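Hi there,

I'm passing on the structure we talked about, and you'll find it just below. My notes on what turned up follow after it.

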Amino acid sequence: MSESSSIRLAFGFSFADLYDNSALPRLDAAFLAFVREIDAALVERLEAARRDPSALAPKAESELLIALAPHVEDFIARLFGIESELQALAAQHHELAPLYTVKRLFVQRRAVNKTRPEDIAALDPAAAEARLAAAFGVPFSELAYARAVTEWQKDEAANAALLDLAAHYAAWAVGTPQGKAKHKAGVLFKTPTKLDFMRLVPLHTDTAAGYPQHTLEDAHLRHREGFALTDQGTDLNGALDQANYCIWCHEQGKDSCSKGLREKAAKAEPGVVAPPAAFKKTVFGVTMAGCPLEEKISEFHMVKTRGQPLGALAVITVDNAMVAATGHRICNDCMKSCIYQKQEPVNIPQAETRTVKDVLELPWGFEIYSLLTRWNPLNLRRPVPRAASGSAC
Ligand code: SF4
């Protein structure tokens with residue numbers, strides 16, 4: 001037995017138990033007992049759902065998994081003794097939360113829609129930034145802006161002048177080339193662009209030489225040396241921006257990213273069950289069948305935005321144990337089928353990959369991910385591995 005196998009974990013488990021399939025039912029029982037102490041009714045719902053998962057409507061299944069996610073989070077943190085590290089990671093999620101609320105409700109709804117062009121033209125951005133920073137009491141940053149606007153909106157009348165200034169600044173940052181360039185690394189002042197399917201990759205075309213020369217925009221160019229990965233993917237801020245851009249369509253049963261985007265169903269004859277309508281196709285003729293694994297995308301986005309990174313990974317791994325190999329740059333069938341068909345879709349692969357990276361960066365991160373691919377209490381149909389079949393292959 002190696003030294004690591006004798007490491008003791010909580011609930012009477014050893015490190016070796018995590019890799020012993022016969023110990024996993026005991027782990028599952030420990031989880032159920034852990035949740036029962038807090039919410040016995042939830043455990044009853046889970047046990048009933050496991051007895052007959054097919055009896056559960058998709059929406060009810062989603063709700064059950066989402067309700068269980070924080071308990072999965074707490075149990076795993078206790079098991080590995082990483083409560084403080086997990087709290088710190090959750091705190092990072094919560095700290096960023098004002099950005100996405102202010103982006104949606106103030107920047108997009110109010111500043112961009114209601115600021116007059118003449119107000120943007122009259123704005124001195126440097127002076128506005130300095131005035132806003134002085135009002136924040138800290139150097140200007142997108143997060144400081146979001147926090148301040150959240151506070152100011154609690155008393156609109158008293159803060160009307162500052163809110164107007166913040167709105168004009170936002171309209172400038174979103175709507176002018178200078179503003180876009182200044183905030184290109186952030187998320188707050190970016191709004192989804194309309195999709196032009198014939199120009200999905202933005203190009204510069206120069207005809208000065210008498211023939212068109214096409215070059216990629218700088219944002220799409222990266223220096224490559226050797227075979228090292230040049231695209232590091234998004235950070236937590238970028239992932240949460242996407243998870244908050246998602247409108248969590250599972251609540252309406254319309255999560256086409258997962259289940260595919262279908263044509264309108266034909267009216268069925270009375271008493272006849274109509275076959276499902278065909279999947280739609282993109283302008284390039286690609287079938288929009290959604291995620292090949294039917295991963296619970298909408299649900300993991302919701303859990304991630306609630307600051308539950310382990311819970312979000314547990315939701316993903318119910319359907320996708322290979323999440324470390326999917327996501328960013330591997331597969332985007334989900335994005336093609338996102339409900340947003342006229343504007344940029346939610347960048348699901350970025351959110352998914354960041355979710356697994358966030359867990360991998362925790363102490364015991366690999367072991368947690370690995371464990372969730374074998375024991376996953378959110379997997380109603382198979383929370384622990386099946387018994388060996390005896391087959392040689
Ligand atoms: S990713 Fe798109 S289709 Fe999927 S739930 Fe979010 S908004 Fe809806």
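Contact here means heavy atoms within 4.5 Å of each other. Please also keep in mind that this is a predicted model.

With that in hand, let me begin at W375. Setting aside neighbours within four places in sequence, W375 is in contact with L24, L27, D28, F31, F75, I76, P383 and V384. W375 also belongs to the largest nonpolar core, which has 63 residues. Together with F31, I76 and F80, W375 is among the residues with the most contacts inside that core. Helix α4 (residues 58-80) supplies the largest share of the core, 11 residues. There is a second, separate core as well, this one of 34 residues, and L99, L163, A167 and A170 are included in it.

Next, the domains. The chain is divided into domain 1 (37-81 + 234-263 + 277-385) and domain 2 (101-191). Their C-alpha centres lie 33 Å apart. Five residues from domain 1 and four residues from domain 2 take part in the contact.

Two helices are worth a look on your screen. Helix α5 covers residues 83-114, and at 1.5 Å a residue its 32 residues should span 46 Å; the end C-alpha atoms are 45 Å apart, which agrees. Even so, α5 bends by about 45 degrees at K103.

Helix α16 covers residues 348-360, and the same sort of check works there: its 13 residues should span 18 Å at 1.5 Å a residue, and its end C-alpha atoms are 18 Å apart. How much of α16 is enclosed by the rest of the structure? Because 11 of its 13 residues are buried, α16 is largely enclosed. Those buried residues include I348, P349, A351, V356 and V359, but also Q350, E352, R354 and D358. At the N-terminal end, N347 caps α16, with a side-chain oxygen 3.2 Å from the backbone nitrogen of Q350.

What does R354 touch beyond the residues up to four places away in sequence? The list is T234, D235, L236, A239 and E361. For T234 there is a polar detail too: its backbone oxygen lies 3.5 Å from a polar atom of the R354 side chain.

Happy browsing, and do write back with any questions.

Best wishes

Terms used. Residues are numbered from 1 along each chain as its sequence is written. This is a predicted model: local features need pLDDT of at least 70, side-chain atom pairs count only at pLDDT 80 or more; totals for chains, interfaces and linings use all residues. Side-chain values use heavy atoms; hydrogens and water are left out. Helices (H or I, at least four residues) and strands (E, at least two) are DSSP runs, numbered from the N terminus. The expected span of a helix is 1.5 Å times one less than its number of residues. The bend at a residue is the angle between axes fitted to the seven residues ending there and the seven starting there. Buried means under 20% relative accessible area, exposed over 50%, partly exposed in between (1.4 Å probe, protein chains only). A polar contact is a pair of N or O atoms within 3.5 Å; within protein, one must be able to donate a hydrogen and the other to accept it, and residues adjacent in sequence count only if both atoms are side-chain atoms. A nonpolar core is a set of buried Ala, Val, Leu, Ile, Met, Phe, Trp, Tyr and Cys residues joined through side-chain atoms within 4.5 Å. Domain bounds come from an automatic or database domain assignment.
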